[in-house]
Amino acid sequence: MIPKARPPPCNQVGQACKSATASQFMLLVFAFLLMSIGAGGIRPCSLAFGANQFDKKNDPNNQRVLESFFAWYYASSILSVLIAMTGLVYLQDKMGWKIGFGIPALLMFFSALFFFLACPFYIKKKVTSNLFTSLVKVIVVAHKNRKLPYPTQHSGYHRKNGSKLRVPTEKLRFLNKACIIKSPEDVKPNGVAVNPWNLCTIDQVEELKALIRIMPLWSTGIMISINLSQSSFPFLQALSMDRHLTKGIEIPAGSFGMFMMIALTIWILIYDRVLLPLASKIKGKQVRLRPIERIGIGIFISCISMLVSGIVEHVRRKRAINQGLLNNPNGLVAMSAMWLIIQHSLNGIAEAFSAIGQTEFYYSELPMNMSSLASALFGLGAAVANLLASVIFSVVDKLTKGEGKESWISSNINKGHYENYYWLLAIMTAFNLVYFLVCSWAYGPTVDVDITKRMLEDSDDEMPQENVSRPDLNSH
């Protein structure tokens, strides 16, 4: 909208186009930076903040409510992407960039306005210290106290006033030394440590343990994101196939990715509104899959998706060679691109299981004051996956290319062997599934069950049964 904020138009034949100035380029980069900061603040925090609105520990249906919330949150996110890829792209194409950017800006303005107007009605949890500083303190103090013997009595451990934890858990026991009281002078009369860098609370130690314990399982979700990041290959496949839905309707090659989002949204609706209620009615009790089970199912379906992708590509390439299109990647293969819907749909269902399962697992297993971190872990895994996908791509390209020999991922889709690349990813996903099963076995009982058991054993007062589902680890 501001002429001086961009290079002048360059439409005339033979005209030398002027490049953007340094200030114009920096203005564009600054806009991208603001978008990244905004997304980094909204995506992880809005999920945790929304989940806090439903976190009622005395409600036996709390887990079901949270599961439904995570599913609908993710479904609404996918729906917004669909709207952006269709409606907004159409507006930008037909009405110009000013309208195309102006409408999202207006929507964000109203979004922020409605958020602040509704703020008085939200449940807002108070945070009085920095989470990451607390975790670092545990590591530092545990190293300082590494030569101290473990106390034989519960009173030898420093616990926060009002905490239900009387003694730290035995897992990752070396970290327990961070909360050992060396002398009575280390604790003030009000129960607070004289020097927080010399003595931590049991709650702080258990928070770090919870984060360390979930990291192996967190790493198992990276492979699915690697599979989902292979969007360029299905695009090239669709480009070389017959994309006509009817004689007059042709689906753009770049739009086939929407089938994954559509499948994901439809599956969430069916799972949450049909399958679970029906299973609960048949069983006569509430039925739900545990988050860790849904993650495993997602990995398995992702493996099947890569196998199907390889089979479809194998058939497509074979037909292309039979038609004499080996040296003509732009030729149209006599095969319907609708076969690609199968792999896109499987990818969508795999992500529906894995993404929601991971989010609920992190949120359930980490203490309440780490909920923002819990909701950010899935996005972190996706970011790592994008980097690893690039590494895998480069390694495969280098190892499969030789003199006079096209690599598996050649730019000529008919000379390459994309099916081998898909099957390689399927094999890696299969190994990842085995790794997931090992991590699940090693993880053992969930954190909340383990801590609750110890609380029940060591507490003088009886805890109400409804509070067993997830103990309150709000700290500092």
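What follows is a short briefing on nonpolar cores, aromatic pairs and charges over rings. Keep in mind that this is a predicted model.

**The largest nonpolar core**
- The largest nonpolar core has 52 residues, and Ile 214, Ile 226, Phe 361 and Leu 366 are the ones that touch the most other members.
- Several helices give two or more residues to this core, including α5 (202-220), α6 (222-228), α10 (340-365) and α11 (371-400).
- The top contributor is α12, which gives nine residues to this core.
- Both domain 2 (134-200) and domain 3 (208-451) give residues to this core, so it lies between them.
- Leaving aside residues up to four places away in sequence, Ile 226 touches Ala 385, Leu 388, Ala 389, Ile 392 and Leu 425.

**A second core**
- There's also a separate core of 20 residues, with Ala 71, Ala 75, Met 258 and Met 261 among them.

**Aromatic rings**
- Searching the whole structure turns up 16 aromatic pairs.
- One of these is Phe 115 with Phe 116: their ring centres are 5.6 Å apart and their planes sit at 75 degrees, so the pair is edge-to-face.
- Phe 115 is partly exposed, at 36% relative accessible area, while Phe 116 is exposed, at 59%.
- Phe 233, Phe 393, Tyr 418, Tyr 421 and Tyr 422 come together as one aromatic cluster.

**Charges over rings**
- Lys 177 lies over the face of Tyr 150, 5.0 Å from the ring centre.
- Arg 213 lies over the face of Tyr 443, at 4.2 Å from the ring centre.

Definitions and conventions:
Residues are numbered from 1 along each chain as its sequence is written. This is a predicted model: local features need pLDDT of at least 70, side-chain atom pairs count only at pLDDT 80 or more; totals for chains, interfaces and linings use all residues. Side-chain values use heavy atoms; hydrogens and water are left out. A nonpolar core is a set of buried Ala, Val, Leu, Ile, Met, Phe, Trp, Tyr and Cys residues joined through side-chain atoms within 4.5 Å. Buried means under 20% relative accessible area, exposed over 50%, partly exposed in between (1.4 Å probe, protein chains only). Helices (H or I, at least four residues) and strands (E, at least two) are DSSP runs, numbered from the N terminus. Domain bounds come from an automatic or database domain assignment. Contact means heavy atoms within 4.5 Å. Rings of Phe, Tyr and Trp (its six-membered ring) pair if their centres lie within 6.5 Å; planes under 30 degrees apart count as stacked, over 60 as edge-to-face and the rest as tilted. A charge sits over a ring if NZ of Lys or CZ of Arg is within 6 Å of the ring centre and within 35 degrees of the ring normal.
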